[in-house]
Amino acid sequence: MDKLEAMRTYVRVVASGSFAEAGRQLGLTRSAVSKGVAELEQILAVRLLDRTTRRVSATEVGLAYYERCVDILARVDETELQVSRLHSEPRGMLKVNAPTSFGVLHLGEAVADFMARYPDLKVELTLNDRFIDPIEEGVDVTIRIAVLQDSSLIARRLAPARRLLVAAPAYFERHGTPDAPSDLAHHRCLNYGHTTTLQRWQLIHGDATSNVPINAVMCSNNGDVLRAAALAGQGIAVLPTFLVGPDVKADQLSIVLPDYVPEELGIYALYAPNRYLAMKVRAFIEFLAQTFGRRPQWDDLD
C-alpha cells in the first residue's frame with residue numbers, strides 16, 4: 001500500500017473508530033487496513049492508535065497526524081480534479097443523505113437536475129429520518145430539517161421549513177374547530193415523535209411562545225404517515241409546508257389557529273469542515289440553495 005493510500009486508510013479508521021468499518025467503506029479486508037496503518041506507524045516511528053478489543057482511537061500524536069492527513073488528502077483530491085478538468089467540473093461519486101419525505105418529494109428531482117448539468121457525476125442518495133454523522137458514514141452531504149444545535153459540522157442553510165397546524169374539513173365537521181391553543185388538549189392530535197404520552201406543541205403568537213399540552217392520539221416519526229391521517233380526518237397535525245402546501249392550496253387541509261404558528265425550522269446542508277472542500281460538494285450545495293431559495297415554491301399557498 002503506497003503512502004497516500006495508507007493515509008486515506010488511516011483517516012477512515014480514525015473517523016469510524018474501527019478497522020472493520022474502515023475496510024467496509026474502502027472495500028478492503030480488515031487485515032489490509034490494519035497492515036496499512038502499521039506501515040505508517042513503522043515509517044513515522046510513532047504509535048498512531050490506541051487499540052482495544054472493541055474500538056480504536058487516535059493517540060495525541062495520532063490525532064495531530066490525522067488532521068494533517070485530512071488536509072493533505074483534500075489538497076490531493078482538489079488538485080486531481082483541477083488537472084482533469086480545467087474548471088474543476090464536479091465528477092466522481094457524491095454521497096448524499098436526507099430525510100425520507102423531503103427526499104422523495106423535492107430532493108430527488110433536484111438531484112436529477114443537478115446530474116443533468118454534470119454527466120460525469122455519480123450520486124448515491126440514501127433516505128432516512130435519523131440524524132447521521134456524515135464523517136462516520138462516509139457521506140459527503142447530509143440534508144437535515146431542524147433547529148440546529150452546536151455541531152462540529154459545517155451547516156449551510158438552504159431554505160426555511162415553515163410549519164402549520166392543519167386538519168381536514170371532515171375533522172372539523174365531527175369535532176369542531178379549536179378557538180384557542182388550550183383547546184388542543186381536548187382535540188385529537190397527530191404528533192411527530194415516538195410516544196403518545198406527555199406531549200406538547202410549542203406555538204408562537206407575536207413575541208410570545210407557549211408550550212401547549214395536546215391529546216396525541218397518534219404518533220409517527222414520518223411526516224407522510226401523519227399527513228395521510230390528517231387527510232383522512234383523524235386529527236390535527238403540525239406539518240411542514242413542503243409536505244402539505246399543495247393540500248392547503250387545494251383546500252384538502254385547512255390551517256388551524258392561524259395566529260399561532262409552530263417554530264420555523266431550517267433546511268440545512270451539513271458537511272465535514274475542510275479547508276479544501278471538494279468541487280462536487282460545493283457545487284451541489286450552491287445548486288440546492290438556488291433551487292429551493294429563500295421562499296420555496298411549496299410556501300405558495302394562495
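How many helices and strands does the chain have? I counted nine helices and 15 strands, taking helices (H or I, at least four residues) and strands (E, at least two) as DSSP runs numbered from the N terminus.

**Entry 1. Ground rules**

I note that this is a predicted model, in which local features need pLDDT of at least 70, side-chain atom pairs count only at pLDDT 80 or more, and totals for chains, interfaces and linings use all residues. Residues are numbered from 1 along each chain as its sequence is written, and side-chain values use heavy atoms, with hydrogens and water left out.

**Entry 2. The chain as a whole**

I looked up the overall dimensions: along the principal axes, the C-alpha atoms fill a box of roughly 75 × 45 × 35 Å. The accessible surface comes to about 16,000 Å², and carbon and sulfur atoms hold 50% of that surface. I took these areas from the Shrake-Rupley method with a 1.4 Å probe; for residues, only the protein chains shown count as cover. Of the 302 residues, 44% are buried (buried means under 20% relative accessible area, exposed over 50%, partly exposed in between; 1.4 Å probe, protein chains only). Among contacts (heavy atoms within 4.5 Å) with a separation of 6 or more, 75% are between residues 24 or more positions apart.

**Entry 3. Nonpolar cores**

I next examined the nonpolar cores, each a set of buried Ala, Val, Leu, Ile, Met, Phe, Trp, Tyr and Cys residues joined through side-chain atoms within 4.5 Å. The largest has 45 residues, and Leu107, Ile143, Phe284 and Leu288 touch the most other members. Helix 9 (residues 279-292) gives the most to this core, with nine residues. Apart from this core lies another, of 19 residues, which includes Ala15, Phe19, Leu49 and Val56.

I then listed the contacts of leucine 107, leaving aside neighbours within four places in sequence: Val96, Ala98, Phe102, Leu125, Ile143, Phe284 and Leu288. Histidine 106 is placed in helix 5 (residues 100-117). This histidine 106 counts as buried, at 12% relative accessibility. With neighbours within four places again left aside, histidine 106 is in contact with Phe242, Phe292, Gln297 and Trp298.

I found six bridges in the antiparallel pairing of strand 9 (residues 200-205) with strand 10. Isoleucine 204 is opposite threonine 209 in strand 10.

I also followed strand 7 (residues 163-167), which is largely enclosed by the rest of the structure because four of its five residues are buried. Strand 7 runs antiparallel to strand 12 (residues 236-240), joined by four bridges; leucine 164 has leucine 239 as its bridge partner in strand 12. Strand 7 also pairs with strand 13 (residues 254-255) in the antiparallel sense over two bridges, where serine 254 is the bridge partner of alanine 167.

**Entry 4. Salt bridges**

I counted eleven salt bridges, under the rule that a side-chain nitrogen of Lys or Arg lies within 4 Å of a carboxyl oxygen of Asp or Glu.

Arginine 8 and glutamate 5 meet in one of them (3.9 Å, N to O). They are separated by about one helical turn, because they stand three residues apart in helix 1 (residues 3-16). Arginine 8 is partly exposed at 22% relative accessibility, as is glutamate 5 at 39%.

Aspartate 247 forms a salt bridge with arginine 227, with the closest N and O atoms 2.6 Å apart. This pair links distant parts of the chain, 20 residues apart: aspartate 247 is in helix 8 (residues 241-249) and arginine 227 in helix 7 (residues 223-231). Aspartate 247 is buried, at 3% relative accessible area, whereas arginine 227 is partly exposed at 26%. I also recorded one network, in which salt bridges that share partners join Glu5, Arg8 and Asp77.

**Entry 5. A surface patch**

Which residues make the nonpolar surface patch of about 310 Å²? I found Ile43, Leu44, Val46 and Val61. Patches are made of residues with over 30% relative accessible area and no salt bridge; like charges are joined within 9 Å, nonpolar side chains (Val, Leu, Ile, Met, Phe, Trp, Tyr) within 5 Å. Isoleucine 43 lies in helix 3 (residues 30-44) and is exposed, at a relative accessible area of 55%.

Note on methods:
Two strands pair if DSSP finds at least two bridges between them.
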